Amino acid sequence: MMAGRKRKSLALTGAAKPLQVKKDHKNPTDSKVSPAELNKDDLQDDLPGDLQGDLQHRLGEEFFNQPCISLAQALLGKVLVRRCADGTELRGRIVETEAYLGGEDKASHSSGGKRTKRNAAMFMAPGTIYVYSIYGIYLCMNVSSEGEGAAVLLRSLEPLQGHPVMRQLRAAKRKEGAQQLKDKELCNGPSKLCQALNIPRCFDCRHLASDPEVWLESEPNTNPPEPQDIVSAPRIGIESHGEWAKKPWRFYLRGHPCVSVVNKEAERQSGNVMNNLGPSDVQSDTGQHKVKRA
């Protein structure tokens, strides 16, 4: 922790004791059961009574099993849910993502097919959580997709539920006496959303389709964003990677106040995301291997 930052203990949001299910599938590396073999009934049957029914809108593995660029767009509007130790749920709508294709993508942690202990989750089944640290202090949360070493970074959320807890968690990482955050500032950045939802490093390699403490949902009676509502812009913080820094693989909801960085130039261009990408960009994504092995 950086000097001058106040430490606070939040028993409310401590790591919850993992729920026991019929098959040990929380960490794909420690189980012989792949997420593809699981279904919602398996998990539902073993949940305590007060948690029954929570899986109705939960996104299953089939949602994540799509090319990286497609998943980055499909995640917009979906809801990230974090269940705390006491049963409190923190919820935020995804409003900004970045696609990292792996392989030829020089800005990706898996560039050139490089596999390390740090990026192992990027090579696991689609829907696997990849949590890594930056500057040795902050965390970022990613979701693996179809394609060898491909994953989507979750950049920003719109807080939906649990604002007081989110504000307390964010305040614990800020200098004492700092001005109180506005709602739109609670999750408007990759490390901020990890702080606000208490996403720890140990969530790395878990799977969103089956984990009892964190998952994704689709909102009922809500249509996906239209192409004209999605802005396609260059990714952030990778300027040293030359031409790869210019790839328009950051996606966000046009006009949303919780977006971390607005790109006016990108917004002036066509609202059709795929037209912005260009044929070569699309081919580099869909041309990847479709099978990922844990």
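Mentor: Y135 is exposed, with a relative accessible area of 73%; exposed means over 50%, buried under 20%, and partly exposed in between, with a 1.4 Å probe and protein chains only. The model is predicted, so local features need pLDDT of at least 70 and side-chain atom pairs count only at pLDDT 80 or more, whereas totals for chains, interfaces and linings use all residues. Residues are numbered from 1 along each chain as its sequence is written, and side-chain values use heavy atoms, leaving out hydrogens and water.

Y135 sits in the loop between β3 (129–134) and β4 (138–144); strands are DSSP runs of E of at least two residues, helices runs of H or I of at least four, numbered from the N terminus. Its phi is near 60 degrees, a positive value in a residue other than glycine. N221 likewise has a phi near 60 degrees. The loop that holds N221 runs between β6 (214–217) and β7 (230–233), and at 86% relative accessibility N221 is exposed.

A loop residue may also be buried: N119, between β2 (89–100) and β3, has a relative accessible area of 1%. Beyond residues up to four places away in sequence, N119 touches H109, S110, K114 and Y130, contact meaning heavy atoms within 4.5 Å.

Leaving aside neighbours within four places in sequence, the contacts of L80 include R91, M141, L197 and V214.

R91 brings us to charged pairs. The structure holds 15 salt bridges, each a side-chain nitrogen of Lys or Arg within 4 Å of a carboxyl oxygen of Asp or Glu. R91 and E217 form one at 2.7 Å, N to O. E217 belongs to strand β6 and R91 to strand β2, so this pair ties together parts that are 126 residues apart in sequence. Both E217 and R91 are buried. E89 pairs with R83, their closest N and O atoms 2.8 Å apart; E89 is buried at 12% relative accessibility, and R83 at 10%. Finally, R206 meets E213 in a salt bridge at 2.9 Å, N to O; both are buried, and together with R82 and D211 they are linked in a network of salt bridges.
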